[in-house]
Amino acid sequence: MSENDRTMTVPNRRAGPPPTRYVEVVSPGVPSPFRAREGVVRVGRDVGNEIVIQDSFVSRVHIEIRIYPHGVEVVDLDTKNGTHYQGARIRELKVTGEVTLMLGKQVTISIRVGDDAPFTDVTSPAILAPPPTIAPARAVARGERNELIGDSPAMHRLRTGIAKMAPSHLTVLIEGETGTGKEVIARALHQQSPRAGRPLVVFDCAAVSPNLIASELFGHVKGAFTGAVGSTEGAFRRADGGTLFLDEIGELPLELQPALLRALEARQVKPVGGDGYRNVDVRVVAATNRALEAEVQAGRFRQDLLFRLAVGRIKVPPLRSRVEDIPALAQHFARAVGGAVLSPAVMALLVARPWRGNVRELRNVIERAVMLSPTPGTVINSLDDDDDQDLVMPETLQMSLATAGSAVEAEVPFQDAKQAAVERFERDYLLKLFERAGCNLSEAARRSGVDRRYLRELFKKHNLDPTTLRALRRP
């Protein structure tokens, strides 16, 4: 192997003869290929990918190159600008030999599948200076922080919980608000587990039509329904030997929950239209931004399924509870997007914001600021006008802080007083936000940086009906 070769090695590979297939990924301007023998290679803008492409038209995780014993396939992850092969947009592509793909609007990569390459496995990849557009790819070593950024007590507790649960085969439920980084936690659990060299399959229960979820999860046989022109493996089968991440598990329809419960208990799945069950070796990690106990009480979620999912439980803290991590996170995102540095003035604005959309909102603000900067890659001294306005401390928060002395009841326990203060702020903030957004829920979600569905849940929590508020505002 030449000194410039970058090779991903898979830790804890299962015993047996080494696979003879390898995949090589080449991109213009990169001096050496990226090579992998097995597992899943992710390509996109996020720094957690195996291959990082810094291009605004490429999605955060754009494609997955899945290397199975029986073959190799490229999967486009429903990206905005798409993946194209020979001029046609693709969703999945079986790869034999060599193909050239266009990611987004201008990035071209070549993928070659071949027999065992004449290079030697190493325990860690060679360290290269990052090329102009694509950062060096590397294997993630067990215990590495990856995107778990921050040194607050909350983050230390989170890392400790991950380190304890990752080596086991326990099913884990990750709970946290929208935008807190639950998928990052799931990837950390996978990367630090004995299954790290096997596939990590992400399945978003909220992004799939209810009548297709069973097929997408468990697969289907040819002729099972109209349009089923061939048999398809579901997410469980694609994750065989690895980890299946079920995002937004609280959105799973009630009628499909018994089938998932059986899959968790027996590790068997039955394809739609099939006549028998198939064994799968899968670790399941699920995530939700809902209070599943409340969903059980409301009859929307099975209690036995909750018990089966929550064998291990990880609660991801909201960003507002670890404000001391904001500077490190913000600077990390700025460097990842354009190698920029944030000035103290900008950092002060960032720390002052409540970040109801959590880490996702912070990342979006930083990316927008860096991309719109007149001199990318230098010091960011200000944000664009919209950001400067949005980053000013909300008036309701200023009032809450100014009147805190008169609003607090010192005779009650600390936690009760804190909860009451938070609820008062939430209600005042929602009312003011809705009024300034012209009583438009979508506009309110955009201004606040909070997911629209979660914002509606907040209105419901405080017995506020957007329709009623809109009617009262009309003259």
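**Notebook: side-chain contacts**

I started at F218, which has a relative accessibility of 7% and so counts as buried. For the accessibility terms I keep to these cut-offs: buried is under 20% relative accessible area, exposed is over 50%, and partly exposed is in between, with a 1.4 Å probe and protein chains only.

A note on the source before going on: this is a predicted model, so local features need pLDDT of at least 70 and side-chain atom pairs count only at pLDDT 80 or more, while totals for chains, interfaces and linings use all residues. Residues are numbered from 1 along each chain as its sequence is written, and side-chain values use heavy atoms, with hydrogens and water left out.

**Entry: S215**

I looked up S215 next and found it in helix 3, residues 213–218. Helices (H or I, at least four residues) and strands (E, at least two) are DSSP runs, numbered from the N terminus. S215 is buried, at 9% relative accessibility. Which residues does S215 contact, leaving aside neighbours within four places in sequence? I noted H220, F225, G234 and V272, where contact means heavy atoms within 4.5 Å.

**Entry: aromatic rings**

My rule for rings: those of Phe, Tyr and Trp (its six-membered ring) pair if their centres lie within 6.5 Å, and planes under 30 degrees apart are stacked, over 60 edge-to-face, the rest tilted. I get two aromatic pairs this way. F218 and F236 are stacked, at 5.7 Å centre to centre and 25° between the planes. This pair links distant parts of the chain, F218 being in helix 3 and F236 in helix 4 (residues 235–238), 18 residues apart. I also checked F236 and found it buried, at 0% relative accessibility.

F434 and F459 form an edge-to-face pair, with centres 5.3 Å apart and 65° between the planes. Here too distant parts are linked: F434 sits in helix 14 (residues 414–436) and F459 in helix 16 (residues 452–461), 25 residues apart. I have both F434 and F459 down as buried.

**Entry: charges over rings**

I count a charge as sitting over a ring if NZ of Lys or CZ of Arg is within 6 Å of the ring centre and within 35 degrees of the ring normal. The charged end of R262 lies over the ring of Y277, 4.0 Å from its centre. R353 does likewise over the ring of W355, at 4.8 Å from its centre.

**Entry: salt bridges**

With a salt bridge taken as a side-chain nitrogen of Lys or Arg within 4 Å of a carboxyl oxygen of Asp or Glu, I count 21 salt bridges. E24 and R112 form one, at 3.1 Å from N to O. E24 is in strand 2 (residues 22–26) and R112 in strand 12 (residues 107–114), so this pair ties together parts 88 residues apart in sequence. I find E24 buried at 8%, whereas R112 is partly exposed at 31%.

E64 bridges to R66, with the closest N and O atoms 2.9 Å apart, and both E64 and R66 are buried. E293 and R313 meet at 2.5 Å, N to O. E293 belongs to helix 6 (residues 292–297) and R313 to strand 20 (residues 312–315), so the bridge ties parts 20 residues apart in sequence. E293 is partly exposed at 38%, and R313 is partly exposed at 33%. I also noted a network: shared partners join E64, R66, E73 and K94 through salt bridges.
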